[in-house]
Amino acid sequence: MSEPIVLGIESTCDETAAAIVQGRTLLSNVVASSMEEHARYGGVIPEIASRAHAEAFVPCVSKALADANMTLADVDAIAVSAGPGLAGCLAVGVSGAKALAWASGKPLYGINHVIGHIAVTQLQFGAFPPDTLALIVSGGHTSLLHVEDMPRKIDVVGTTLDDAAGECFDKVARLLGFPYPGGPHIDRHAQHGDSHAIRVPQGLTQGKAGAAHPYDFSFSGVKTAVARWVESEQAAGREIPVNDVCASLADSVATVLARKAMRGCEQYDSNTLIVGGGFSANSQLRAKLLEYGEKYGVEVRIPQIKLCTDNGAMVAMLGVNLVEVGVAPSAPDFAIDSAMPLTKVSM
Ligand code: KG4
Ligand code: ZN
């Protein structure tokens with residue numbers, strides 16, 4: 001099987017998605033989002049998201065197969081996100097995928113959604129070089145990984161000690177009155193602001209804490225500093241320069257991520273940095289990573305925007321990797337794992 005064909009299914013949060021990948025080629029990619037149903041609550045409501053998955057599952061999978069001009073009989077394997085994510089949401093995707101696998105007799109892989117976020121870069125940039133570094137910036141994760149041998153050996157080099165970068169953006173966004181998810185709003189306003197207007201701390205970069213945690217992140221201090229500043233300006237009756245607040249926050253977060261990622265590349269002697277996760281859609285981070293990559297001689301591989309946020313292509317791509325190296329499919333009774341660790345690539 002030189003170029004395995006894998007159907008990937010995603011349902012960890014508020015996107016139901018299905019895609020077909022053959023080798024490193026994306027044949028179809030279908031995403032249905034329940035985001036608008038959550039916006040008025042200021043965050044994803046698991047019950048609403050689970051119901052939306054139950055509705056969208058069959059239409060998404062059918063369309064992914066139809067767009068690729070295939071039926072289930074044409075695929076070599078099925079992959080589905082088994083975690084991390086919202087339990088009720090995962091249960092819908094995993095149960096649906098198990099039913100498809102059982103009925104069609106195809107092998108099924110319960111994969112790690114977060115590792116899928118970096119796997120997806122292969123559709124644009126080809127296979128991972130051995131011994132490479134990866135930066136994961138999703139809604140719930142901000143971590144540096146040492147990918148020694150994709151998909152067989154992955155270690156965590158550093159991680160956030162509190163909030164993820166995406167969480168930090170979402171919280172500040174709420175404070176500024178932007179609807180959920182706030183990240184893209186901060187991005188847009190930051191493009192028109194002065195990134196030096198407000199002093200925003202860069203967590204774990206200086207002094208003893210910085211030395212003790214060279215590859216770890218902390219964004220709760222950043223969030224608090226911005227919140228305090230906004231509150232004191234409001235108390236003084238001054239108008240909040242929203243663009244400047246966003247630009248200063250975005251610059252601080254992007255700089256810390258880029259600096260630590262480059263330092264990690266140096267440490268692990270990697271001249272490639274793989275980037276993935278919803279937050280890698282952030283334009284300030286993309287620009288900063290490319291700028292630092294140029295400076296340090298590191299090739300930065302960031303997915304195109306539509307492959308940054310949750311999708312089925314990332315799941316299918318990781319499924320292809322598992323099939324290629326001969327990893328055994330998941331057992332028929334594999335469980336969902338809402339807190340699946342980053343070192344576990346499949347169930
Ligand atoms: O990876 P993802 O789609 O979901 C998880 O698996 O967690 O990431 C979602 C996160 C949210 O925090 C969202 O605000 C953020 O990615 N995000 C952005 C942008 N687009 C999405 N944050 C900043 N700028 C963006 N352009
Ligand atoms: Zn995600």
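Which helix gives the largest share of the lining of the largest pocket? That share, six residues, comes from α6.

## Basis of the report

This is a predicted model, in which local features need pLDDT of at least 70 and side-chain atom pairs count only at pLDDT 80 or more, while totals for chains, interfaces and linings use all residues. Residues are numbered from 1 along each chain as its sequence is written, chains are lettered from A and ligands numbered from 1 in the order in which they are written, and side-chain values use heavy atoms, with hydrogens and water left out.

## Domains

The domain assignment gives domain 1 (5–120 + 308–325) and domain 2 (130–306); such bounds come from an automatic or database domain assignment. The centres of domain 1 and domain 2, taken over C-alpha atoms, are separated by 27 Å. Their contact takes 21 residues from domain 1 and 26 residues from domain 2, where contact means heavy atoms within 4.5 Å.

## The largest pocket

Rolling a probe the size of a water molecule over the atoms shows where empty space is left. A pocket is an open set of points on a 1 Å grid over the protein atoms alone, where a 1.4 Å probe fits and protein lies on both sides within 12 Å along at least five of seven lines; lining residues have an atom within 4 Å of a point. The largest pocket has a volume of about 1100 Å³, a volume being the space filled by probe spheres set on the points, which are joined across faces, edges and corners. Because domain 1 and domain 2 both give residues to its lining, the largest pocket lies between them.

The lining of the largest pocket is made up of 40 residues, and Ser138, Gly139, Gly140, Asp170 and Tyr180 lie nearest the centre. At least two lining residues come from each of α4 (113–119), α6 (165–175) and α7 (183–190); helices (H or I, at least four residues) and strands (E, at least two) are DSSP runs, numbered from the N terminus. By class, this lining has 16 nonpolar, 16 polar and eight charged residues. Here Ala, Val, Leu, Ile, Met, Phe, Trp, Tyr, Cys and Pro count as nonpolar, Asp, Glu, Lys and Arg as charged, and the others, Gly among them, as polar.

## Annotated positions at the largest pocket

An unreviewed UniProt entry places the feature "binding site" at His113, His117 and Asp310. These residues span 198 residues in sequence, yet no two of their C-alpha atoms are more than 8.7 Å apart, so they gather at one spot. The lining of the largest pocket takes in His113, His117 and Asp310. UniProt annotations may be inferred rather than shown by experiment; their positions follow the numbering used here, and feature names are shortened. The "binding site" annotation of the unreviewed entry also covers Ile136, Val137, Ser138, Gly139, Gly140, Asp170, Gly183, Asp187 and Asn282. From this set, Ser138, Gly139, Gly140, Asp170, Gly183, Asp187 and Asn282 belong to the lining of the largest pocket.

## Selected residues of the lining

His117 lies in helix α4 and is buried at 0% relative accessibility; buried means under 20% relative accessible area, exposed over 50% and partly exposed in between (1.4 Å probe, protein chains only). Not counting residues up to four places away in sequence, the contacts of His117 include Ser138, Gly277, Gly278 and Asp310. Ser138 sits in the loop between β6 (132–137) and β7 (142–149) and is buried at 7%. Beyond four places in sequence, Ser138 touches His117, Ala164, Gly166, Gly277, Gly278 and Phe279.

Asp170, in helix α6, is partly exposed at 24% relative accessibility. Leaving aside neighbours within four places in sequence, Asp170 is in contact with Tyr180, Pro181, Gly182 and Gly183. Asp187, in helix α7, is buried at 9%. With residues up to four places away in sequence left out, Asp187 touches Ala281, Asn282, Ser283 and Gln284.

## The second largest pocket

The second largest pocket has a volume of about 280 Å³. Its lining has 13 residues, of which Arg199, Val200, Pro201, Gln202 and Ser252 lie nearest the centre. These lining residues divide into three nonpolar, seven polar and three charged.
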